[in-house]
Amino acid sequence: MKRIVINPINLVVIAMVVLSALRQALVGNFSQWVVDTVLMLPGIIIGLSFHEFAHAKVATLCGDDTPRLQGRVTVNPIAHVDPVGIVMLLFVGFGWGRPVEINPNNFKKPRRDHLLVSLAGVTVNLILAFVFTGLWVLLVQTATDFMFSDFGTLINTMMSGIVSINLVLMVFNLLPIPPLDGFSVILDLFELRASKFHQFMYRYGYLILVFMIVFDITDVILGPAVNWLYMTILNIFM
């Protein structure tokens, strides 16, 4: 993902969204909401850390040493976690990590390499969803009694969260709106970096994204796509 610049107005909007989600949680079973939120943390940390690591690693392999010099070629979450992005993931259901900075001038083949870097994060999220689904199904099949115990139920929730969050990160980041990866993919595939469309979206893309979040448009897009991917991957292992 590319750098996300958040001005005070957008912070207010984000705060309103978070408060709305928190208010809904308070109306229901608050203690259960706290447990579910804590169990989401492993998925958030794994998903964000590996997503940004993938961007950094592929950029380095393509000839740009910027991520390595900035200490980003690592899965250490401290190097990648963005506080606002984590809050959004916890309260709203999607968010972001601290963007990996790259210098396309260092790439061997700029258009191809930029496309590879843009796709790296979402590809790793998809791979992680497959890996953790496989581990989850293996645990259920080999330790059935444990997995359906009280503690095992928590493990089930955590594993389900890891899979879901990685799929959410993948689908959300594929939206063709800056500063998300999907926009960079569109630019590189159709050579639009010098177009008026690029200039317009670069200027207003974040406002469009905030508008979609506030009015739940992203839920309409993310929900069916994530659910379909979740069930498809689960059925592969069942």
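## Salt bridges

The structure, which is a predicted model, holds three salt bridges, a salt bridge being a side-chain nitrogen of Lys or Arg within 4 Å of a carboxyl oxygen of Asp or Glu. Asp-65 pairs with Arg-68, and their closest N and O atoms are 2.6 Å apart. Asp-65 has 30% relative accessibility and therefore counts as partly exposed, a class that lies between buried (under 20% relative accessible area) and exposed (over 50%), with a 1.4 Å probe and protein chains only.

Another salt bridge joins the side chains of Glu-191 and Arg-111, at 3.4 Å from N to O. This pair links distant parts of the chain, since Glu-191 sits in the loop between α8 (181-190) and α9 whereas Arg-111 belongs to helix α5 (residues 110-142), 80 residues apart. Glu-191 is exposed, with a relative accessible area of 58%, while Arg-111, at 42%, is partly exposed.

The side chains of Arg-112 and Asp-113 also meet in a salt bridge, at 2.6 Å from N to O. Here Arg-112 is partly exposed at 41% relative accessibility, but Asp-113 is buried at 0%.

## The chain as a whole

The chain has ten helices and zero strands, where helices (H or I, at least four residues) and strands (E, at least two) are DSSP runs numbered from the N terminus. Buried residues make up 44% of the 238 residues in the chain. The accessible surface comes to about 12300 Å², and 70% of that area belongs to carbon and sulfur atoms; such areas come from the Shrake-Rupley method with a 1.4 Å probe, and for residues only the protein chains shown count as cover.

## Helices α9 and α10

Two packed helices are described by the angle between their axes and the distance between the axes. For α9 and α10 the angle is about 80° and the axes are 5 Å apart, with axes fitted as lines to C-alpha atoms over the stretch in contact, and angles running from 0 to 180 degrees between N-to-C directions. These two helices are therefore roughly perpendicular to each other, a label for angles of 65 to 115 degrees. Phe-211, Met-212 and Ile-213 in α9 meet Ile-217, Thr-218 and Ile-221 in α10, a contact being heavy atoms within 4.5 Å.

## Basis of the values

Residues are numbered from 1 along each chain as its sequence is written, and side-chain values use heavy atoms, leaving out hydrogens and water. In this predicted model, local features need pLDDT of at least 70 and side-chain atom pairs count only at pLDDT 80 or more, whereas totals for chains, interfaces and linings use all residues.

Terms used:
Parallel < 35°, antiparallel > 145°, perpendicular 65-115°, else oblique.
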